[in-house]
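Please look over the sequence and the structure that follow, and keep both at hand while reading. The paragraphs after them lead through a few parts of the fold, one after another.

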Amino acid sequence: MRWTQTIIPTLKETPAEAEIVSHKLLLRAGLIRKLTGGLYTFMPLGLRALRKVEQIVREEMNRAGALEVLMPALQPPEIWQRSGRYETAQDVLFKVRDRAKKEWVLGPTHEEVITTLVAGEISSYRQMPKNFYQIQTKFRDEIRPRFGLMRAKEFIMKDAYSFDATDAGAQDSYRKMYDAYTRIFQRCGLKTIPVEADTGVMGGKFSHEFMVPAETGENEVAYCDGCGYAANVEKATSQVTRVTGEAASALPEKFATPGVLTIEALSQAPYQVPAERQIKTLVYMAESKLVLILMRGDDQLNEAKLAGALGTGMFRPGEPGEIFAALGAHPGSLGAVTSTLKNSGWTIYADERLKDAVGMTTGANEDGFHLRNISIARDIQVNTWSDLRLVQAGEPCPKCGQPLKVRRAIEVGHVFKLGTKYSQALDALFLDESGKQQPAVMGCYGIGVTRTLQAVIEQSHDEQGIVWPVSVAPYTVCITPLNVAPDSPVMKLAEKIYAELAAAGIDAILDDRNERPGFKFKDSELVGFPIRVGIGEKSLAKGEVEIKPRAGAMTAVKAEEAVSAVQALVRAGLTA
């Protein structure tokens, strides 16, 4: 490709809309252009890089034995109602109506569609295992699209779905996809951390996310340098200590705390109740019922873990009016001590760190008063104990005890072992070896293709611009002649090298613009081509050209050796 035959609208200034480095560079390098919030057009170079990511994904999916299909983006809401996600995922669903006023869903994912397909096509254990995948556009009604391709309303995703006759078979399918994802991200030049993850509205038994460490990431990962433990903070646990003390003897005692509404205020004089000796009482509306959540005062609630304990994602914090009507007090004076509850029948969830705690202090369900000498076992009727807390940096690793670290990261892939949630709901049943009908055991596996492209940039850039890995660069080589007159020796050599690289299967772009050398070099570095071949009259007079890896040192080589030198760099995958 010749530069003058394509369009690469590079920008000197960063558009005001761009918040993170990768978003800025996508725009400045002319890879994408914004249509409106959360919607982007891929320009020619951006599309080339995107297609290379897609090809890597496709090759590794095929290598893992997955079968490519293409499913409709427009989906009937009935299948979402059958799976139960029409309600649980309603916040992200785009819903449209046709001319007959019939409602449709624009697919944010395709579990319902693929399970419906399999229900009609697979009926025997002999037809399994099967794994289907597609690379397709998805739609999600993001409340706040941001960071360019990271959180968009329309994006490209690779989603795959495995179907097995047994749990052991499903585990094997899961491992194949896990390994395939590892290879995909390595080939894309990404350093990723596979972490244990929460299954969320997807449901299922367990999952892993593939995270790209980045300070601009929207996720937080807890990890251990000692044993390799890693988990999304939504899932992470630690070896935390419980409150200890002698067996409860003193009875609950009410004391006045006028104006005290926070854990911090109660820990100050004259009360001086340490946060770890306080019970924080939270009120949530779970579906249509208020429930109480108890945490230690120095811990924070992890709502992803709460969703697992509640068994639903349909919950929200209680509103002040609801809370006062139910408990007779406002936040800051709330508690779960049985004798203070206005109504019976409360469902109480408590974090495991409070188990057997004695000598605690909590709200008295009377504004301006608290209770001391609280024994959890004696004074509070907990219905469900669960790990509900958010792990903090420095806490002991759950596996080896070394201090955990926490850092931000970008999620680029997610693998789930779904079990039979969708196959039971959508009748994806088969006859096993004994002729008994069973639901297929499923897994699902997603990669954000557009997000992966941006994650590469977020992880691989410098002050001058993008530093593409060879595997996903829009063009591997940028040939930069400093004299573009057609009959000049410089341009003739540039044409010759361009043709020879093409014949060798190396994609190159020939910068045939009649611009100053510095301008062309800056554009080349901004876009991030892995290798630049510079040809000037001075170097050519010595029979040389200059070869510069994007983030490496410039080297002069004999003109006749230029192609072989580039080939050697490409084989090495060298970009720095």
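This is a predicted model: local features need pLDDT of at least 70, side-chain atom pairs count only at pLDDT 80 or more; totals for chains, interfaces and linings use all residues.

After H2 comes Gly65, with a positive phi near 90°.

Strands of a sheet pair through backbone hydrogen bonds, either parallel or antiparallel. Here five strands form an open sheet with mixed pairing, in the order S28-S27-S29-S30-S31. Strand S28 (508-510) and strand S31 (555-558) stand at the edges, and because each has a single partner strand, one side of each is left without a neighbour in the sheet. On average, neighbouring strands of this sheet are turned by 25° against each other, if direction is ignored. Strand S30 (residues 544-549) and S31 run antiparallel and are joined by four bridges, and Val545 has Val557 as its bridge partner in S31.

Two helices can be followed across these strands. Helix H14 (residues 517-527) lies across strand S27 (477-481), strand S29 (531-535) and S30, and runs at about 175° to S27. Helix H16 (residues 562-572) lies across S27, S29, S30 and S31, and runs at about 10° to S30.

Lys417, which lies in strand S21 (residues 405-419), is buried because its relative accessible area is 3%, under the 20% cut-off. The side chain of Lys417 makes a polar contact of 3.0 Å with the side chain of Asp167. Glu218, by contrast, is found in the loop between strand S10 (206-213) and strand S11 (219-223), and with a relative accessible area of 32% Glu218 is partly exposed. Setting aside residues up to four places away in sequence, Glu218 touches Arg146, Phe147, Arg151, Arg408 and Ala409, and the side chains of Glu218 and Arg151 are joined by a polar contact of 2.9 Å.

Side chains of opposite charge can pair when their charged atoms come close. The count of salt bridges in this model comes to 41. One of them joins the side chains of Arg353 and Asp298, at 4.0 Å from N to O. Arg353 lies in the loop between strand S17 (348-351) and strand S18 (360-363), and Asp298 in the loop between strand S15 (289-296) and helix H8 (303-310), so the pair ties together parts that are 55 residues apart in sequence. Arg353 counts as buried at 8% relative accessibility, whereas Asp298 counts as partly exposed at 35%.

Another salt bridge is formed by Arg532 and Glu525, whose closest N and O atoms are 3.9 Å apart. Arg532 counts as buried at 8% relative accessibility, and Glu525 counts as buried at 19%. Elsewhere, salt bridges that share partners join Arg296, Asp298, Asp299, Arg353, Arg389 and Glu395 into one network.

Definitions and conventions: Residues are numbered from 1 along each chain as its sequence is written. Side-chain values use heavy atoms; hydrogens and water are left out. Two strands pair if DSSP finds at least two bridges between them. Axes are lines fitted to C-alpha atoms, for helices over the stretch in contact, and angles run from 0 to 180 degrees between N-to-C directions. Contact means heavy atoms within 4.5 Å. Buried means under 20% relative accessible area, exposed over 50%, partly exposed in between (1.4 Å probe, protein chains only). A polar contact is a pair of N or O atoms within 3.5 Å; within protein, one must be able to donate a hydrogen and the other to accept it, and residues adjacent in sequence count only if both atoms are side-chain atoms.
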